[in-house]
Amino acid sequence: MRTHLPRHLTTSLNRVRNLGILAHVDAGKTTVTERMLYLTGATHKRGEVHDGTTVTDFDAQERDRGITIFAAAVSCVWDDHRINLIDTPGHVDFSDEVERSLRVLDGAIAVFDAVAGVEPQSETVWRQADRHGVPRIAFVNKLDRAGADLDSAVASIRDRLHTVPLVVQLPIGREDTFTGVVDLLRMRALVWAAGADTYTEGPVPEALAEEAWRRRRALEEAVAELHAAALEEFCAASSLGADTLTSALRDLTRTGDAVVVLCGSAYRNRGTEPLLDAVVSYLPSPLDVPPVGGTADGVEQERAADPEEPFAALVFKVNSTATGRLTYLRVYAGTIGKGDVVLDVAARRTERIGRILRVQADRNTEVDRAVAGDIVAVVGVKEARAGATLCAPSAPLLLEPPTVADPVVSVAVEARRSLDTDRLATALARLVEEDPSLTVRTDPETGQTVLSGMGELHLEVAVEKIRRAQGLEIAVGRPQVAYRETVVRGVSGLVHRHVKQDGGAGQFAHVVLDVEPLDAEEPGTGEFAFSSTVTGGRVPQEYVRAVEAGCRDALAEGPLGGHPVTGLRVTLTDGATHSKDSSEMAFRTAGRFALREALRASAMTLLEPVVEVTVTAPDSAVGGVLGDLAARRGRVSGSTARAGTAVLTATVPLAELFGYASRLRSRTQGRGTFTTRPTGYAPVPAGMTATVLGTTR
């Protein structure tokens, strides 16, 4: 086991790694994290998911369910490098936690199951990392399982993630005989004895020597094709040295042109040390990533990762604990100490830092200061929410916050006892503060409190959290999905004249609108597009903008069932003004009422959220599973066989999946599993529109 620096020492920026662990649920990322903490000396006992003894899955619900629900930050030291690590959830319902974590990370380890390869949520988190430009290395886990195959897993990475995997290890043994790996860079064998904490190094086994040299040659050729300096050496010497390979792999990882692939079995503690070495060798430090960008007084600026720069940090997580409110920060620039005053830029409010903590999941160590590159939690910040920018009051800089996805499932919640209503409202407000992907509103028709989130499990966890933390008895209604309305056939030349005269200055606005479906393939249009073809100054530009604002107001409620409207283009073709009575308010009102009228005159259709479902079931139960998917309006798009089981892929309306877990268990005698991935919205069949509208009113 490597020696490591005392935790109180400040590590220079080039020896800091801020990384996350990304994976599909059950790929083993929490076990990977636990082994990394154990080997670095951050913990003194191996945590196990099945025993509920992991450091990062410390919440009671995480231990009960055996999955990661909340992103957990930990810190450790390896080879004189400080590693700030975030273990992220793998379930699709908690992808917003992944999004907020990726926003503040410099690199990531993507963990894949050696049997399943790339799974649906693997793709989702990979695309999220692509959007944020986060460099990654891959770890193919569970090589000790029956059916494990490194080459198949690597092929799925290449084919489904559209990247270039560069495999730097060769497994020694297969399935339950897996004992170690051949390091293809140094051409050595690393073997772990049963129960050993570390490996023994030796020569490449004779039986694998030929295959190892063949793969080493393939690695050299692949690297030479992608890296100019490596190509130059390869052409001159017909081979690449280990140092050249390491340098080239580092460059290719940091530019995103390729992904280094390692392998092992985290559960059996095989392959974790080389993985830590790869983190240090290939993933970037805060100095290797571009300076953070933001805006100050509307002007774009950059701020370098330098402790001497003005302080700038992004809040990516807020957590209320028994001892107070913890605000998690990624410090991008400058230095912060206890007692410092910082500015919440968007809220234009100052906050005072009480304490600074280096976090170890649910435990922490107090430090005197944090510098650029650090990920820490602070106590004393009372109002800042996830996505807020905290910076030096003398040098404000607004950083781009993480995006928050729109909720897709809602439930009505109420306290069973009327005396607990206020306590429930306070608990819900705190819940939304901690998790921005949750929203709370009051239904204007029923007066019910409606909690909305990213999925059935997301809402179930949120409600259970309130029950456990507050001791409240809560009644929960049947889940409802978030429908949308869209235009199938629009209208042209709709005229609306807004005239209001009640003494004094009146209101006058005359608008003519065309409404049509929006071409989904048209770049940059999003869910709504507005344009104006008015000529001759008949409608001044400031009034055109007011008409657009009014149209956006009208999108909140459609004519079918009061659902938000999406996928339409509105064109202002003509209009008229009054010299005295026209105003921006009048044209905004006209735009709102004109579009409402146009939507009522248009042919509309209802849209429902759909998901891609991947079901794994025994071969003997496939017929029943297919029949059940068909009954749920599912469209099967693929089927593959894998060691006595079938993997079915289908597109199913989200509303049809409520309660599917128990149904699948009964059809497969408890042996079936499924995962989901959102794919967007699709029209509700014409014959079901009336039924759907009846259940959502």
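Is Gly627 buried, partly exposed or exposed? Gly627 is partly exposed, at a relative accessible area of 41% (buried means under 20%, exposed over 50% and partly exposed in between, with a 1.4 Å probe and protein chains only). Do keep in mind that this is a predicted model, where local features need pLDDT of at least 70 and side-chain atom pairs count only at pLDDT 80 or more, while totals for chains, interfaces and linings use all residues. Residues are numbered from 1 along each chain as its sequence is written, and side-chain values use heavy atoms, with hydrogens and water left out.

Gly627 sits in helix H14, residues 622–631 (helices are DSSP runs of H or I with at least four residues, numbered from the N terminus). The axis of H14 comes within 10 Å of that of helix H15 (residues 660–667), and the two cross at roughly 155° (axes are lines fitted to C-alpha atoms over the stretch in contact, with angles from 0 to 180 degrees between N-to-C directions). H14 is therefore roughly antiparallel to H15, a term for angles over 145 degrees. On the H14 side, Gly624, Val625, Asp628 and Leu629 make the contact, and H15 brings Tyr660, Arg663, Leu664 and Arg667 (contact means heavy atoms within 4.5 Å).

Let's turn to helix H10, residues 421–434. Buried residues in H10 include Leu424, Ala427, Leu428 and Leu431.

Finally, the cysteines: Cys551 is buried at 0%, whereas Cys235 is exposed at 58%.

Notes: Angles under 35 degrees count as roughly parallel, over 145 as roughly antiparallel, 65 to 115 as roughly perpendicular and the rest as oblique.
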